[in-house]
Amino acid sequence: MSRPRSSFAAAAAVFAAGLVAAALGAIPWIAGAFTVVEPGAARLGLAAAAVGGIVAIGAAALARRAHPAPRVAVLGLGLLAAASSYAFVALLARQQPADPRLAGDAEEAGSTIGTDRLRVLQLNAYHGYPDGEGRLLPPAGASGRLERAERLEAAVARLRPDVVVLQEAWCMVAEGCLADRLAEALDLRAVYARANGSLRWLGFEEGSAILSRFPIAEPATWPLLPDRDRFERRIALAARIEHPALSFRVVGVHAASGDPELAGAQTERLLERVRSLPARPALIAGDFNLDSSHPALGRFDAAGYRDLLPGGIDHVLLDAEASGWWPLWSERPSALLDRAISDHPGLLVEFQLPAPPPDDDWPGDWQLVPADRVGLDASRLEQAIQDIGALEGVHGLLIARRGRLVAERYFRGSAGHRPHNMKSASKSVLSALAGLAVEEGVLELDQPIAEALPEAADLDDPRKQAITVRHLLTMTSGLESTSFGNYGSWVASRNWVRAALARPLQAEPGTRFSYSTGGTHLLSATLSRAAGRSTHDFAREHLFDPLGIRRSAWASDRQGVHMGGNNLSLLPRDMLKFGQLYLNRGRWNGKQLLPWQWVDESTRPGRVGPRGRGRIYGGYGYLWWLRGHRERGAYIASGYGGQYIYVAPAEDLVVVVISTEISKGRGWRGELFGIIREGVAGSVIDPFERRSPL
């Protein structure tokens with residue numbers, strides 16, 4: 001009797017081992033239909049299935065007293081369980097990226113937001129959540145993911161992007177797909193492509209998504225090199241955005257994490273694909289998992305793509321030269337995209353597109369309106385006004401937002417009814433006149449000035465014949481400067497044009513920046529000779545009269561050439577008008593007074609700019625100083641002693657400061673612009689508000 005009992009027990013044990021092995025082998029294949037199996041849990045399950053299969057095989061081999069039939073069955077189940085681990089991983093690894101699918105049905109764009117700018121958000125939407133120490137853990141179930149999705153919706157709605165390039169956009173077996181949720185909640189169109197995971201077998205997947213308030217066309221998935229972990233695949237998602245003003249391509253990419261060598265190889269593969277295209281994408285955005293110094297990103301730079309905010313592992317690359325776009329500002333909005341939403345701070349960029357500006361309905365006057373009516377914090381603005389007024393020598397301050405005057409204050413007995421000497425801020429007015437002269441066909445940017453100036457007939461250095469209008473606009477004529485220590489001797493000469501041309505050539509034209517008022521005087525003389533009238537008369541006809549500027553004075557030299565570099569006097573409110581003209585990209589009271597292309601080109605840095613001590617404010621355009629990154633694309637007309645027209649496109653602000661004509665020094669300038677940045681621009685209640693037509 002003992003032998004049958006032991007045989008029965010052995011058979012039962014073998015059968016139990018077989019059932020366990022079969023269950024372990026089957027779980028990874030069916031679990032995803034009911035719940036989310038995280039990669040870590042899936043790996044653990046697959047390892048358990050392999051171990052269970054091996055145990056079952058061993059039990060079948062050792063249980064010799066059991067009947068042969070159950071032993072063979074259990075051996076088969078064990079082999080299947082052990083093989084299921086490899087088969088499951090192999091199947092996931094062989095999954096090709098799914099064809100991208102479109103989602104969302106946004107309304108047609110353009111009713112309330114101008115289309116001459118584009119705001120782009122690059123974001124990772126990892127579906128984990130941070131613990132108390134800031135580490136990311138797996139999701140806390142469906143409720144945790146849905147809470148994060150709701151917070152992400154709110155943050156993206158606050159940032160108001162036109163295009164969102166979303167990495168790790170998850171889909172869950174019960175909660176659906178994040179890209180679909182965002183598209184529906186934010187009234188966006190979307191295209192999504194799976195990269196990793198499987199809704200069928202793991203209950204989740206993730207990939208890249210592009211969302212847009214404009215139509216999306218021609219979506220395509222570009223496979224990159226797979227990760228060494230066979231659970232992971234990497235793709236780039238490409239699509240064309242049908243913007244009302246222009247059509248462009250954007251690519252979202254997510255490279256390997258934690259493996260710079262592999263991420264670099266995947267980035268190289270992406271660049272190969274981009275180079276093979278007949279028309280390159282304007283934007284490539286994503287989580288490259290590479291620092292800006294990595295050689296792979298350096299090759300994108302060599303290929304003409306500009307990294308808009310170096311640092312970190314997320315990047316937005318712009319094909320600036322081919323697209324004609326310009327980044328007005330870029331930042332990491334970490335205050336909104338905190339670690340409770342994403343494990344990355346995200347990147348937000350606003351571009352100026354090569355498209356006409358929206359029309360305006362500004363009536364052409366400066367009626368004071370309350371600060372809160374144009375979205376400013378009245379108390380914060382008032383404190384900034386008082387702080388600026390307390391600075392030494394400040395005589396006046398005017399502030400306009402959205403084309404409405406919100407502050408006009410005069411100090412120390414000054415008033416706004418007398419024209420004020422703008423000093424070197426006059427140079428920026430001359431820049432506008434040069435643009436109008438080019439528009440009229442009077443001047444050409446690359447026209448040698450010697451063709452228009454009789455004083456250039458006997459130049460002492462033949463290389464000076466190569467000096468062009470563009471060189472004078474960018475302060476790169478190569479002539480020795482007539483400013484700073486040389487200014488007195490230059491203005492003491494009998495003929496300022498001849499004296500400026502007689503300065504030694506210190507560099508080949510176009511190769512070195514050197515700030516020089518004599519250069520702008522040469523530009524004024526060139527314009528006057530080419531137009532057949534004085535610079536001031538040309539300004540009255542083409543600029544001042546259309547702007548409603550009735551009172552102006554402009555000093556001239558002994559030969560009657562008006563000083564292109566300084567000593568133009570305008571009323572403070574008229575200085576504000578000039579700044580508003582540039583903020584409107586040349587549009588004025590329903591007409592394109594100054595070509596918008598000229599405004600764009602004038603307020604972007606040239607290839608050769610100021611360096612060292614000459615870098616007083618930042619970059620330099622066409623006789624406009626460009627502020628640094630912290631001021632989000634602001635630029636200024638700057639005059640000696642504290643005469644400023646400050647234009648801030650990001651905040652839709654124009655600020656005019658007039659002061660005594662006495663040097664204030666770097667410390668004074670730093671304090672003034674710190675107050676403007678933190679107090680005036682900082683009084684904007686919603687820094688992510690979208691600029692709408694006036």
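Contacts between residues 24 or more positions apart make up 70% of the contacts in the chain with a separation of 6 or more. The model is a predicted one. Its chain contains 18 helices and 28 strands. Of the 694 residues of the chain, 57% count as buried. The accessible surface of the chain is about 28000 Å², and carbon and sulfur atoms contribute 53% of that surface.

In soluble globular proteins, nonpolar side chains tend to be buried together. In this chain, the largest nonpolar core has 106 residues, and Ile399 and Leu543 are those with the most contacts inside it. Helix α10, which spans residues 426–440, supplies the largest share of this core, with seven residues. Leaving aside neighbours within four places in sequence, Leu543 is in contact with Val429, Ala432, Leu433, Leu436, Phe538, Phe578, Leu581 and Leu593.

**Disulfide**

The chain has one disulfide, formed by Cys171 and Cys177 with their sulfur atoms 2.0 Å apart. The torsion about the S-S bond of Cys171 and Cys177 is about 115°, and the disulfide is therefore right-handed. Both cysteines count as buried because their relative accessible areas, listed below, fall under the 20% limit.

| Cysteine | Relative accessible area | Class |
|---|---|---|
| Cys171 | 0% | buried |
| Cys177 | 13% | buried |

Note on methods:
Residues are numbered from 1 along each chain as its sequence is written. This is a predicted model: local features need pLDDT of at least 70, side-chain atom pairs count only at pLDDT 80 or more; totals for chains, interfaces and linings use all residues. Side-chain values use heavy atoms; hydrogens and water are left out. Helices (H or I, at least four residues) and strands (E, at least two) are DSSP runs, numbered from the N terminus. Buried means under 20% relative accessible area, exposed over 50%, partly exposed in between (1.4 Å probe, protein chains only). Contact means heavy atoms within 4.5 Å. Accessible areas come from the Shrake-Rupley method with a 1.4 Å probe; for residues, only the protein chains shown count as cover. A disulfide is a pair of cysteine sulfur atoms within 2.5 Å. A nonpolar core is a set of buried Ala, Val, Leu, Ile, Met, Phe, Trp, Tyr and Cys residues joined through side-chain atoms within 4.5 Å.
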